[in-house]
Amino acid sequence: MKIPIIKTKLIVPAVKDDFLRRAKLTKKLKKIHEYPLTLIHSGAGYGKSTALSLFITDEQQVGCWYSISAMDDDILPFLTYLTYSIRGIHPEFGMELLSFIDQLDRYIREEEINLLCSLFINELFNIQEDITVILDDFHQIEHSYTVNRWMEIFLEHIPSHIHLVISSRSRPAWKQLTKMKVTGHLLEMTKEDLILSMDEMELLLIDNYGIELSASDMERIYKLTEGWVIALCMIAQQGPLHQNLIGIDEHSSLTDLFQYLAMEVFSKQPLLIQQFLEQTCILEELTEEICNEIVGIVGASALLDQLIERNLFIQKIGDKQYRFHALFKEFLEKQLKDNQPGQFQILHEKSARLFEKRGMWEAALIHYKKINQSSAIASILQEKGKAMLESGKLESLLEHLSKIPDADKGRYEYLWYLQGEVHRYRSQYSEAEECFQKAYILYEKKKNLLGMSWVLEGRANIYLDTIQPHRAERLLYEAIKLRESSLENSSEEAGKLYHLLAENLLNSGKTVKSEKWLNRAKSQQVSFLDSNLEARIFLRTGRFEAARQTLNQKKESFQSKSSAVLPQSHRETD
């Protein structure tokens, strides 16, 4: 399954002429080209993305930008987007890598992560000039094992002409960072580099808001905000500062300060703007069309432009796409949930149904998850879970599946099978067996022969993965019998099982039987038979010339496609 590319995630955020240019920060950012890795980490609202987009725009740097979202939390979507970000400058980049990704067999194992990293690095060497690659909002996927493992391997072998910049709310825990820092290969910027100085704060207030303060007021605001950019901007929007700061304790936390200021900003907006903010804050990305449908109005673009003009912490990320600042979005959504729980439920459900209708089922899942609609999530995964599995989104899939009650899985037995497959790909075999057993019982009750066959195939794959051919053989014969008896059986479904049985028989030393089943698989004309199974059979039976010809044909086929083909699993060499 190919991963759809949202182009707005690969665009450098637009900057305004009135954005504050900070000499000290810019001077440090100019050193990016001296380091293979730059880390910029701080909490939300310190201007990480703004600083980077200003640097790229003002310095006219050629940079590849990738705004990471929560849906990119597996290696395949992450690597696909990363490749397309570089393609924005070098259109030919990654052709072999993307072709390779298209043929991957779902879950990525350790040796496959190494292979993906090698292909990526080798393609980078085809580019002669220096490249700056910016990964913004890395904290969205910091929990992903496969992404972090890939990053560690990449940083260990990062080419000298690559300058990777990572912006995140937290510092990654990669082992390579200590070595890179000691050897002078890491440029690091923290909150201390991003907070405004007293002079910068004064300049921002005068130039952007036309506000001049006494030294005592300036000092008080500086103590309150601790140089936190978003808080200062909110204070500046309040009008008469001395009135609006009454009651704020200088010892309050920055979180409390933000909540107070956000409420002040929100409460001073016209009623129409307040309602629009409340109803659209649940969306990750705003467009006129989606806002019109969710809010039930015509002409949402005029309201979106008003929000931009009022500096209401909304950012234009494309020609027609907008996004709220993360902190302001969290505030608005919390307000809606606390004060209007019924409306919160209705809007999320409305959004989910809209995205379902448009085939944007991952976005729909996010909205259903926020209102704990486990039945709706189960229904989507019953239909679309296989696509998530095949696109390598195992972590996201397992997270959704683990939150669905067993009662719902009892109605959607395919979910138990899916969960078993996820565990199997993660080498959690006992958990996989347990899920497969539950799925089999439910399929058996419904006399669903195809479903029963899927489960037996899953169990057989466990024994193929763990090199227990005698245990796998019985299950495969039984799965074939059920699949051939099923009215829903297809030639591809049957051919896949024949091929698995042929591989298993060869592992058991039953070469003649293996060849018979392989010929049956080939007779089904399935397109996925990319392994070296036939060549292995020839070698086992002394037909060396036939083996050599077979391997040469495959080699030529791979070269003509400008891609390699990955082994189906760790049990088979390339």
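Author: Below, each label is set against its criterion. The model is a predicted one.

Reader: Why is Cys281 called buried?

Author: Its relative accessibility is 0%. Buried means under 20%, so Cys281 counts as buried.

Reader: And what makes Cys435 buried?

Author: The cut-off is under 20%. Cys435 has a relative accessible area of 5%, so Cys435 is buried.

Reader: What makes helix 25 mostly covered?

Author: Of its 17 residues, 15 are buried.

Reader: Why is Asn448 called a cap of helix 25?

Author: A side-chain oxygen of Asn448 lies 3.3 Å from the backbone nitrogen of Leu450. A polar contact requires N or O atoms within 3.5 Å, so this pair falls inside the limit. The cap sits at the N-terminal end of helix 25.

Reader: What stands out just after helix 25?

Author: Ile467 takes a positive phi of about 55° there, although Ile467 is not a glycine. Its place is the loop between helix 25 and helix 26 (469-485).

Reader: Is Ile467 buried or exposed, and why?

Author: Exposed means over 50%. Ile467 has 54% relative accessibility, so Ile467 counts as exposed.

Reader: Where is Asn372, and what is its phi?

Author: Asn372 is in the loop between helix 19 (361-370) and helix 20 (374-390). Its phi is near 55°, a positive value in a residue other than glycine. At 67% relative accessibility Asn372 is over the 50% mark, so Asn372 counts as exposed.

Reader: Why is helix 21 called largely enclosed?

Author: Helix 21 spans residues 394-402, and seven of these nine residues are buried, so the rest of the structure largely encloses it. Leu394, Ser396 and His400 are among the buried ones. The buried residues pack against helix 6 (145-156), helix 19, helix 20, helix 22 (406-411) and helix 23 (414-425).

Reader: What makes strand 4 largely enclosed?

Author: Seven of the seven residues of strand 4 (residues 162-168) are buried, so the strand is largely enclosed. Ile162, Leu164, Ile166 and Ser168 point one way, while His163, Val165 and Ser167 point the other way.

Reader: How do you know that strand 1 and strand 4 pair?

Author: Pairing needs at least two bridges. Five bridges join strand 1 (residues 37-41) to strand 4, so the two count as paired, and they run parallel. In one of these strands, strand 4, Ile166 is the bridge partner of Leu39. Five bridges also join strand 3 (residues 131-136) to strand 4, again parallel.

Reader: Why are strand 6 and strand 7 placed at the edges of their sheet?

Author: The open sheet has three strands in the order 6-8-7, with antiparallel pairing. Strand 6 (286-287) and strand 7 (314-316) each have a single partner strand, so one side of each is left without a neighbour in the sheet.

Key: Residues are numbered from 1 along each chain as its sequence is written. This is a predicted model: local features need pLDDT of at least 70, side-chain atom pairs count only at pLDDT 80 or more; totals for chains, interfaces and linings use all residues. Side-chain values use heavy atoms; hydrogens and water are left out. Buried means under 20% relative accessible area, exposed over 50%, partly exposed in between (1.4 Å probe, protein chains only). Helices (H or I, at least four residues) and strands (E, at least two) are DSSP runs, numbered from the N terminus. A polar contact is a pair of N or O atoms within 3.5 Å; within protein, one must be able to donate a hydrogen and the other to accept it, and residues adjacent in sequence count only if both atoms are side-chain atoms. Contact means heavy atoms within 4.5 Å.
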